Amino acid sequence: MTRKGILFVSESRSELSQERVGAVSKQHPNLRLVELRTADPLGTAETLQKAISSISLVDAVIDVTSFRREELLMLLEILRGIDSSKRRNCELVYVSAGDMSDPLSGKVTQCRSVVGFAGEVWPSRPTRLVVLMGFEIPRARAIIETYEPKHLILGRGRQSESINDDLWRKNDAFFKELRSSYANVESTFEFSARDPMAVLMELEQEIPTLEKSNVVLAPLHTKLSTIGVGLYAQRHRNVQVCYAEVGAYNEEAYSTVGESAYVFPLTHLFSQKS
C-alpha cells in the first residue's frame with residue numbers, strides 16, 4: 001500500500017479510463033489525482049513541473065509504464081533539473097508489455113516537438129530524421145511526411161535486447177516495410193528495447209556529428225528506448241525530439257501485461273553529463 005503519492009491522469013479520459021482510475025484510487029486512497037490536458041503540451045509540462053515540485057523525491061518510485069512518450073520525455077527533463085540531493089534514491093519503474101494490439105491507435109492529428117526538446121533548426125541546413133521504429137507504421141509515415149527529411153536514418157529493436165521475440169518479429173516486419181517505402185534512407189541501425197543507457201550510446205555511434213544538419217529524433221518504440229532518446233537529446237541540446245499525437249488509442253486491447261519489470265535509479269540514468 002502506498003503511503004502517499006500522485007496519480008497522473010488525462011483530463012479528457014474515456015469512460016473506460018475513468019473506471020480504471022477509480023479502481024486504482026480505491027486501492028490506493030492516499031494518491032492525489034493530477035489531471036493533464038494532453039492536447040496542451042505547455043500546460044501539461046507546467047502541471048507536471050508543479051506536481052513533481054510539490055512532493056519529496058527522496059526514496060521515491062515513479063512508475064512510467066502508462067506515460068505517453070511525450071509526457072515521459074517532459075518528466076525526464078523536469079527530473080534532470082532537480083538537484084540530485086532532492087531526488088536521492090529516486091527510481092523509475094517500467095513494466096513490460098506481453099503482446100500489442102493492432103492497431104494501437106487512431107489517426108495522427110499533429111506532429112510537434114516535445115516541450116524541453118525543441119533543439120535548433122536552421123533553414124539553411126538539411127534535416128536528418130532518426131526514427132526508432134516501433135509498432136505503428138502510420139505514426140512513422142506521418143512524422144516523415146511532416147519533416148520531409150533529406151536524410152532518413154531508421155532503427156529497429158535488436159532481437160537479443162527486445163522485450164520478447166514476438167514483439168521483435170512484429171517490429172522487424174514494420175521496419176522492413178517502412179525501409180522499402182523511402183529512397184532517402186541514409187543508414188539503418190539496431191538499438192536496445194530495454195536499456196536506456198545502451199540506446200544513448202547507440203545513438204552516439206549512429207548519428208553523424210561532423211556534417212551540419214537539423215537532427216530530429218522520433219522515438220516510436222518502447223518507453224525504455226524513449227528514455228534513451230531523451231538522455232541523448234539532453235546531451236546534445238541542438239537535437240530536436242518529436243512526437244506524433246493521435247486522436248484515440250485502442251484502450252480495450254492496447255496490450256497485455258508482460259513478465260518483466262525494470263528499475264532504473266536516476267543517479268544511474270543521469271550519471272553522464274549532458
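Helices (H or I, at least four residues) and strands (E, at least two) are DSSP runs here, numbered from the N terminus. This is a predicted model, in which local features need pLDDT of at least 70 and side-chain atom pairs count only at pLDDT 80 or more, while totals for chains, interfaces and linings use all residues. Residues are numbered from 1 along each chain as its sequence is written, and side-chain values use heavy atoms, with hydrogens and water left out.

1. **The end of helix 4.** Helix 4 is followed by Glu 148, whose phi is positive, near 45°, although Glu 148 is not a glycine. This residue is found in the loop between helix 4 (137-147) and strand 7 (151-157). Glu 148 is exposed, with a relative accessible area of 65% (buried means under 20%, exposed over 50% and partly exposed in between, with a 1.4 Å probe and protein chains only). In helix 4 itself, the buried residues are Ile 137, Arg 139, Ala 140, Ala 142, Ile 143, Ile 144 and Tyr 147.

2. **Lys 150.** The loop between helix 4 and strand 7 also holds Lys 150, which is exposed at a relative accessible area of 55%. From C-alpha to C-alpha, Lys 150 and Ile 207 are 14 Å apart in space, and 57 residues separate them in sequence.

3. **Another positive phi.** Most residues other than glycine have a negative phi. Asn 89 is not a glycine, yet its phi is positive, about 65°. Look for Asn 89 in the loop between helix 3 and strand 4 (91-100); its relative accessible area of 47% makes it partly exposed.

4. **Aromatic pairs.** Rings of Phe, Tyr and Trp (its six-membered ring) pair if their centres lie within 6.5 Å; planes under 30 degrees apart count as stacked, over 60 as edge-to-face and the rest as tilted. By this rule there are two aromatic pairs. One of them, Phe 8 with Phe 67, is edge-to-face, at 5.9 Å centre to centre and 70° between the planes. The pair links distant parts of the chain, 59 residues apart: Phe 8 is in strand 1 (residues 5-10), and Phe 67 is in the loop between strand 3 (61-63) and helix 3 (69-80). Phe 67 is buried, at 11% relative accessible area. Phe 189 and Phe 191 form a tilted pair, with 6.0 Å between centres and 50° between planes. Phe 189 is buried at 5% relative accessibility, and Phe 191 is buried at 0%.

5. **A charge over a ring.** Arg 125 lies over the face of Trp 122, at 4.6 Å from the ring centre (the rule asks for NZ of Lys or CZ of Arg within 6 Å of the ring centre and within 35 degrees of the ring normal).

6. **Cysteines.** Cys 111 is buried, at 18% relative accessibility, and so is Cys 90, at 2%.
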